[in-house]
Amino acid sequence: MKKLALLAGTALALAVGAVSGASAADKLKACWVYTGPIGDFGYSYQHDQGRLAVEKELGDKVETAYVENVAEGPDAERVFERFAREGCGIVFGTSFGFMDPELKVAKKFPDVKFEHATGYKSAPNMGLYNARFYEGRYILGQIAAKESKKALAGYIVSFPIPEVVMGINAFMLGAQSINPDFKIKIVWVNSWFDPGKEADAAKALFDQGADIVVQHTDSTAAIQVAEERGLKGFGQSSDMIKFAPKAQMSAIVDDWGPHYIKSVKAVLDGTWKAGDVWEGIKDGTVHMADYANMSDETKKLAEETEAKIVGGWNPFTGPIADQDGKERYAAGVVAPDGDLLGMNWYVKGVDDKLPQ
Amino acid sequence: MLEAIILTIITAATPLLLAAIGELVAEKSGVLNLGVEGMMVMGAVAGFAVTVSTGSPLMGVVGGAVAGVLVSLIFAFVTLTLVANQVASGLALTLFGLGLSGLLGESFVGQPGIKLASLDIPGLTTLPVVGKIVFGQDILVYLSFAAVFGVAWFLNRTRAGLILRAVGDNHASAHALGYSVIGVRYLAVMFGGAMAGLGGAYMSIAYTPLWVENMTAGRGWIALALVVFASWMPWRAVIGAYLFGAVTVLQFHAQALGIGFPPQFLSMLPYLATVIVLVAISGNRRATLFNTPSSLGKSFVPDR
Amino acid sequence: MMRLELVKRAEKSRLMSVLSPVVAVALTVVFAGIVFAAQGHNPFTGIWYFFLEPITSLWGVEQLITKATPLVIIALGLSVCYLSNNWNIGAEGQLTFGAIVGSIPPILFPDFVNPLVLPLMLLMAMAGGAMFALIPAKLKTAFGTNEILTSLMLVYCANLFLDWMVRGPWRSPEGYNFPITVDFHEWAVLNAVDVGGIYLNLSAPIALLLVIVLAVVMRSTLKGFEIRVLGQSPRAGSFAGFSTRRMTAFAFALSGALAGLAGVMVVMSEIGKLQPVISPGYGFTAIIVAFLGRLNPVGILIAGLVIASSYLGGEAIQTSLQMSSKLATVIQGVLLFFVLAADTLILYKVRLVTGREGEGAHA
């Protein structure tokens, strides 16, 4: 009997809840879809920091929502459509794998605005955004070449996608600008997310003679290994200096906040247009963590390069030759963005073989 | 170089060995707990949280074990007291653990941890070659080996171990002989939980002193597979864990040497190696059958 | 000291068969309400969004069916494995490998555009999944290698193989070097059709058909009898002339084929090409579905819908109430515990006894 009463009570309250849930309408709802957990302290974490920045900046003009851990397959379309149906004014898809499902939903809901990170397909109501992380990687390359005693860095990577290849190339171009004979050893961990494997990979690279570790994976594991061994490295996605106060020389910090604030404001003002923005250090989207644990000379060089990039110089400015020595860009020629976004060849001096 | 590689392999193998040896005991008592991943990740978050809050990694180790036991008790209650299906309950435990650890760990994301100290005996640890490997490990590495010897001795040489095996092999007769089948299984499951918790704590305190969601990254599943690999023999679990760890680490070295083989295939090697070695040694079918607990996965209700 | 004691019922309680899932869901609702309240949310709003809101629209029902379909198809195959005592936990790998094989026509022969492609893909995926599942089956029958380990390890291999395929040999030339294959052509995709406001493709009716077929096979054919006999007592089965070896091969091949079928249909409907991730763990979730459905085809259908709804509910409390996805996972786990535990009531009465009484009963 008690149970029945409880059930009845629940049902009643449910009805009430349903009504109250439908209020809160006139604010703009901005929504995010993340591929990983926001607790990864990496890629998805940084996007969520961007969402929080929007909340902070725009206060009660907006309401935000997110779904984390969305698989880049069958589930994605449903999550995007759910957001569209729930009255989101703008939806951000933060990972490449969301491109097609997001586009499908964007076409179905022409009044909702969409933005997709790191992809290449767009629509009148679906814009693109990305960050020029390679600018930061060029600086890291220069620092590594200056500071490495062995002219050898270990490079930990997740999966061979153009973004990662572009990063390796920018790093090498930076390093070669200081020391043409600089070398890297590359290890693929085939996972976006396994701190243990990242640590193992870092150890393997150090054991094979590298004295600096660079990573294009998200966790702090690798740089912690560097700290332990008294060697050096760079943080990734976020400033990891707390984890490696003696080892981190700098870090490429993804700061999506400025872009998100701009986009959400544009929607509020009614000025939003589907754009194709690719922002870098100049715009604050790519942010270099404080230069530390290096000589003053290196620090000065890094700061100069950073200023040069802010001034509009592109690290992918010719002459650039590929692994086989074939010239890809003649002296003075800047690689077009389209080439960079689809990059699948290594610059000269990289010994790894890219899976074809 | 060889020394360094061996040290890395020990680190990679220890969490697997800890969790596997615990699950081995649970399975020997007839309980198949597929929730190792859930217990491990709870151990990881609890170990990290306690370490950071108290400043003592040793307390963290204890915290990890306690957390493992606590969640294993949920599983034990559901499968042993209420005789629910073990396979599905174990998977439920994995879901539960992954979710709860994520919730509990939210405030610890982005905080640096404290690493469990390694043993340092002047004179011994500094010995060439073997010094660091034998005398320079942290307490959990020694504990993993102590657990292997302890469990082997317990199962084969003690009366209590005999009872545990009897319960796992034929719960009806064990019950008829007056042993508390459910009681023995509760203890075995709790031991499994404690060891999985330690394996998880090893991840967040020793392997990589940090907390991120899902940081065990499927090692609980590997540990489960290693119990099967071991054919329920403790010393074989050591072989399994170290084989898996070694192949994982060595394929990174192979990559760093630039052998130009697709990394995906190199990453497959630990899994393939485990399968191939198991096939090679499972020729001795009688020994395997002899060691397989016949009541594995079957519920027991004492009739009165 | 008090403890719980189970008293076996003389026969299955029909009432409890129906009532136990209701009790379990009710308990989960209460638990979820408490958790929502503890997290500072209105518990009733939370309960509404987690359990009911996802199916209050036709679109929601459509999503529920879409999510449940692969789970049901895979779980049906797994149930045959588990009933016959074959521990296949590698359906995820069989799904992946089946999907790879099934995708050969549109990827390698993009000019072969023809209505035949569709059935061909389904058949090839089934063959691929079955072949991949026969590896652990053969290792088991030939060498006595434990199939829990082999089937699980092969999952990782299949996923890495897919990863290599879409980044290497099968990478689309138009995809800016991203790890995707070419988009499948019109005859290589399953289009959704309007069924009374709900858009469904071929996979849902196929799942339903499979439920019916398997229910009939298990209930009233010799094969169904053979599966159950060999599962319960291999010795008795061999006296009846049934072969354990052949059954192992059959069960693995069947479950592999169904996993492959489910995989290729997901690829053909929701993705439209191959990419590194094609399944959000369907092969593992289906294990839960199989047992939650008590290894019974109709039960599996219901369990598939329940599990699918818990995923949709998890998304709903995130999007509508900004609750954590971890909360959803915890509630899912608890729901399972309650459902599994409540099933006990079908076969047993639960009594609370004091220590002394309990001891007395033993003596």
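In this predicted model, chain B and chain A bury about 3,000 Å² between them. Of this area, 58% lies on carbon and sulfur atoms. The contact joins 34 residues of chain B to 35 residues of chain A. On the chain B side, B:Glu213, B:Phe252 and B:Ala256 lose the most area to chain A. Together they account for 20% of what that side buries.

Two salt bridges cross the interface of chain B and chain A. B:Arg219 pairs with A:Asp194 in a salt bridge, with the closest N and O atoms 3.0 Å apart. Helices H1 (2-28), H9 (181-207), H11 (234-256) and H12 of chain B each give two or more residues to the side that touches chain A. H11(B) has the largest share, six residues. By class, this side of chain B holds 19 nonpolar, twelve polar and three charged residues.

Chain B also meets chain C. Here, 47 residues of chain B are in contact with 45 residues of chain C. The two chains bury about 4,300 Å² between them, 80% of it on carbon and sulfur atoms. Two salt bridges are found across this interface. C:Lys326 and B:Glu213 form a salt bridge through their side chains, at 2.8 Å from N to O. Three residue pairs are in polar contact between chain B and chain C.

Helices H3 (57-81), H4 (86-105), H10 (219-229) and H12 (263-281) of chain B each supply at least two residues of the side that touches chain C. H4(B) gives the most, with twelve residues. That side of chain B comprises 31 nonpolar, twelve polar and four charged residues.

Terms used: Residues numbered from 1 in each chain as written. Chains lettered and ligands numbered in written order. Predicted model: local features only at pLDDT ≥ 70, side-chain atom pairs only at ≥ 80, totals over all residues. Heavy atoms only, no water. Contact = heavy atoms within 4.5 Å. Buried area = accessible area lost by both parts, 1.4 Å probe. Salt bridge = Lys/Arg side-chain N within 4 Å of Asp/Glu carboxyl O. Polar contact = N/O pair within 3.5 Å; in protein donor to acceptor, adjacent residues only side chain to side chain. Helix = DSSP H or I, 4+ residues; strand = E, 2+ residues; numbered from the N terminus. Nonpolar A, V, L, I, M, F, W, Y, C, P; charged D, E, K, R; others polar.
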